[in-house]
Amino acid sequence: MRAVLAAEAARLAALHAGADEVRRLRRLCADGDAALAAGDLDAVLAASTTLHDCVAELSGNPALLDFVGQVDLRVSAHYPAITRQRGAQAWREHHALVDAIERKDPEAAARIMREHVDHTRDAYLRTHQPAPAAARGRPAPVPARRRRSLPRP
């Protein structure tokens, strides 16, 4: 869900961002680069969060901004665990995103953002998925059946 929403926000940001907004995004990238070089993971995370928030704001769509905020509340607790792992690559992706927004290339901005979020999700899954049951010496669990909804009266 985050990839879909963030990609749409980036697409719209590329259509709406002016020179001042692009300068702000560039400053956030510089802040992130400096924090990364200093090894300050809290500042890296803060700059990344602010950059993503800024892109969502630049979409010019209040409903989309609200949805992005709701999804981020659900997943933001996982960001610190992968910030070190994704650091430099994530900032290269941020720079590419800002380049696309500056060029007013909505399709490239959406693609870059989707790939960025997908890379972040994949990094999280690589480090947080439990070992398969068979690897732990136990048989794989049988999936539970879905509950069926009862007809409404």
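In helix H1, the buried residues are Arg 2, Ala 3, Leu 5, Ala 6, Ala 7, Ala 9, Ala 10, Leu 12, Ala 13 and Ala 14 (buried: under 20% relative accessible area; exposed: over 50%; partly exposed: in between; 1.4 Å probe, protein chains only). The model is a predicted one, in which local features need pLDDT of at least 70 and side-chain atom pairs pLDDT 80 or more, while totals for chains, interfaces and linings use all residues. Residues are numbered from 1 along each chain as its sequence is written, and side-chain values use heavy atoms, without hydrogens and water.

H1 covers residues 2–16, which makes 15 residues. From its first C-alpha to its last, H1 reaches 21 Å, close to the 21 Å expected at 1.5 Å a residue (the expected span is 1.5 Å times one less than the number of residues). The cover over the buried residues of H1 includes helix H3 (41–58), helix H4 (62–75), H5 and helix H6 (106–128).

The protein as a whole has six helices and zero strands (DSSP runs numbered from the N terminus: helices H or I, at least four residues; strands E, at least two). Along the sequence, the pattern reads α-α-α-α-α-α. Of its 153 residues, 37% count as buried. Among contacts with a separation of 6 or more, 80% are between residues 24 or more positions apart (contact: heavy atoms within 4.5 Å).

Helix H2, residues 19–38, packs against helix H5, residues 79–102, at an angle of about 170 degrees, and their axes are 10 Å apart (axes are fitted to C-alpha atoms, for helices over the stretch in contact; angles between N-to-C directions run from 0 to 180 degrees). H2 and H5 are therefore roughly antiparallel to each other (over 145 degrees; under 35 is roughly parallel, 65 to 115 roughly perpendicular, the rest oblique). On the H2 side, the contact is made by Val 22, Leu 25, Arg 26, Leu 28, Cys 29, Gly 32, Asp 33 and Leu 36. H5 contributes Gly 87, Ala 88, Trp 91, His 94, His 95, Val 98, Asp 99, Ile 101 and Glu 102. Sorted by class, the contact of H2 with H5 has nine nonpolar, four polar and four charged residues (nonpolar: Ala, Val, Leu, Ile, Met, Phe, Trp, Tyr, Cys and Pro; charged: Asp, Glu, Lys and Arg; polar: the others, Gly among them).

Leu 36, in H2, has a relative accessible area of 27% and is therefore partly exposed. Apart from neighbours within four places in sequence, Leu 36 is in contact with Val 44, Gly 87, Ala 88 and Trp 91. Its C-alpha atom is separated by 8.9 Å from that of Arg 84, 48 residues apart along the chain.

His 94, on H5, is buried because its relative accessible area is 1%. Its side chain makes a polar contact of 3.2 Å with the side chain of His 52. Not counting residues up to four places away in sequence, His 94 touches Cys 29, Ser 48, Leu 51, His 52 and His 116. Ser 48 belongs to helix H3 and, at 16% relative accessibility, counts as buried. Beyond its neighbours within four places in sequence, Ser 48 is in contact with Trp 91 and His 94.

Most residues other than glycine have a negative phi. Lys 104, although not a glycine, has a positive phi of about 60 degrees. Lys 104 sits in the loop between H5 and H6, and its 42% relative accessibility makes it partly exposed.

Terms used: Polar contact = N/O pair within 3.5 Å; in protein donor to acceptor, adjacent residues only side chain to side chain.
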